[in-house]
Amino acid sequence: MVRPAGSGRDGAATVTHRGARTTRRARAERLAPYVLVAPAVLIIVVLRLWPLVLGVNFSFTGDGELNGTPVGLGNYLELAGDPLFRTSLANVGLLVLLLPVAVAIPGLLATFIYLRVPGHRVYRSVYFFPAVLSPVIVGAIFNLMLGFDGPLNAVLGAVGVGPIDWLGDPGIAMFTVAGVHIWATFGMALVVFLAGFSTLDASLLDAARVDGASLGQIIWHVIIPSLTRTIQFVFVTTMIGMLTSMFGLLFVMTGGGPEGSTYLPEFYIWHQQGQLNQPALASAASTVLFVVMLVVGLSQITLLRRAGRQD
C-alpha cells in the first residue's frame, strides 16, 4: 500500500517545520524595525542624552576651589542674579517675538516661487545663496555695510536721514543682528517650504481661483491649512537656530556688546566656559537654555495645532 505524499509522520513533520519557519519569519519581521532603529537610538543616547545628564549633574557642582563639590542650586541662584544672563533671556523673548517674521519671509517667497512668478527659477537660486555663506563672512560683510560711516548710512544721509549706529546703539543692536541672521538663514526654511508645497493638492488652488479668491485668501484659507505640519517644523527649527546658531554673528559683529545688549544664552555659556573658566556655571546656563528651548518648542507646536484645528 502506497501512502500519499505528506501523509503520516512525515507530513506532520513537514507541516510543523513550515509552521516554525513561518513563526520565525513573522518574529523577524516584527524585530526588523527595532534592529534598524537601534543604531540611531544608541547614537542619540551615547552622544546626546548621556552628555545631557552629565551636564545637568555637573551644574549642581562648584567652580574654582569648589570644583566637584555639590553646591545645590547655587549656580542657578548666581545666574538669576547676573544682569548679563537676564539680558540674554530677555533677548530670547525678543527672538520669539521676531520668529513669525523669520518664518513668514521664506513662506511668502516659497509661495511666490510655487505660483511661478516671472523669474522664479533665478529667485530660487538667489534666495538660497546666503545659506551657504559662513556666519563669519556674513558678519564681516554686514560690519562693513552697517558701519557708522558705511554705505547704508551714506544712502540714508543722501535722503536726509541722519546716520544710525546700527551696531553701537544698545537699543537696536540686537534687532540688527537678528535681521542679519534671518537674511543669512531663511534659505533653508525656503527649501523646506518648497518641499511642503510638493504635497499640496493643486486642485484646491484651482478651485479657489475659480471661486474668485484673491491671493491673500488663497494663502490664508488654502495654503496655510494645507502646510500646517511644514509650518510647525519650520517654526521649531528656526527657533532652535536662533537660540543656538547665532554665536558666529554675535562674535564677529558685536562681541556681545554694546553694554552686553546682544548677549544670548549660547554666547553667555561660551563666555563663562571659555573666558572665565567656570564650567559648572556654564553647565547651569546650558541646562536653562535647554529648558527654555523645550518649553518654547512645545508651546509653538501646541498653539499651531490648535490653530490648525480651528481652521
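Let us start with Pro 258, which sits in the loop between helices α11 and α12 (265-275). Helices here are DSSP runs of H or I with at least four residues, strands are runs of E with at least two, and both are numbered from the N terminus. The peptide bond that leads from Gly 257 to Pro 258 is cis, with omega near -5°. Glu 259 belongs to the loop between α11 and α12 as well. Its phi is near 60°, a positive value in a residue other than glycine. Is Glu 259 buried or exposed? Glu 259 is exposed, at a relative accessible area of 75%. For these words the cut-offs are as follows: buried is under 20% relative accessible area, exposed is over 50%, and partly exposed is in between, with a 1.4 Å probe and protein chains only.

Residues are numbered from 1 along each chain as its sequence is written, and side-chain values use heavy atoms, with hydrogens and water left out. The term pLDDT stands for the predictor's confidence in each residue, on a scale from 0 to 100. For this chain the mean pLDDT is 85, and 92% of the residues reach 70 or more. Confidence is highest in helix α2 (residues 74-80), at a mean of 94, and lowest in helix α4 (residues 120-128), at 75. Where pLDDT is low, the predicted coordinates should not be read in detail.

A second residue with positive phi is found in another loop. Asn 277 lies between α12 and α13 (279-310). Phi of Asn 277 is near 55°, and this residue, too, is not a glycine. Asn 277 is exposed, with a relative accessible area of 56%.

I now turn to the second largest pocket. A pocket is found on a 1 Å grid over the protein atoms alone: it is an open set of points with protein on both sides within 12 Å along at least five of seven lines, and a lining residue has an atom within 4 Å of a point. The second largest pocket holds about 400 Å³ of space, where grid points are joined across faces, edges and corners and the volume is the space filled by probe spheres set on the points. Which residues lie nearest its centre? They are His 181, Thr 185, Phe 186, Met 188 and Gly 241, out of 21 lining residues. The elements that give two or more residues to this lining are α3 (83-114), α7 (173-197) and α10 (228-244). The largest share, eight residues, comes from α7. By type, the lining has 15 nonpolar residues, six polar and no charged. In this scheme Ala, Val, Leu, Ile, Met, Phe, Trp, Tyr, Cys and Pro are nonpolar, Asp, Glu, Lys and Arg are charged, and the others, Gly among them, are polar.

Ala 102, in helix α3, counts as buried at 5% relative accessibility. Setting aside residues up to four places away in sequence, Ala 102 touches Ile 182, Thr 238 and Met 242. Gln 232, in helix α10, is buried at 11% relative accessible area. With the same exclusion of residues up to four places away, Gln 232 touches Ile 301, Leu 304 and Arg 305. Met 293, in helix α13, is partly exposed at 22%. Apart from neighbours within four places in sequence, Met 293 is in contact with Ile 240, Leu 243 and Thr 244.

Finally, consider helix α5 (residues 135-145), whose buried residues are Val 138, Gly 139 and Phe 142. Seen down the axis of α5, these residues fall within an arc of 95°, so they line one face of the helix; the arc is that of the directions from the helix axis to the C-beta atoms. The buried residues of α5 are covered by elements including α7 and α11 (247-253).

Note on methods: Predicted model: local features only at pLDDT ≥ 70, side-chain atom pairs only at ≥ 80, totals over all residues. 1 Å grid on protein atoms, 1.4 Å probe; cavity = no way out; pocket = protein on both sides within 12 Å on 5 of 7 lines; lining within 4 Å. Contact = heavy atoms within 4.5 Å.
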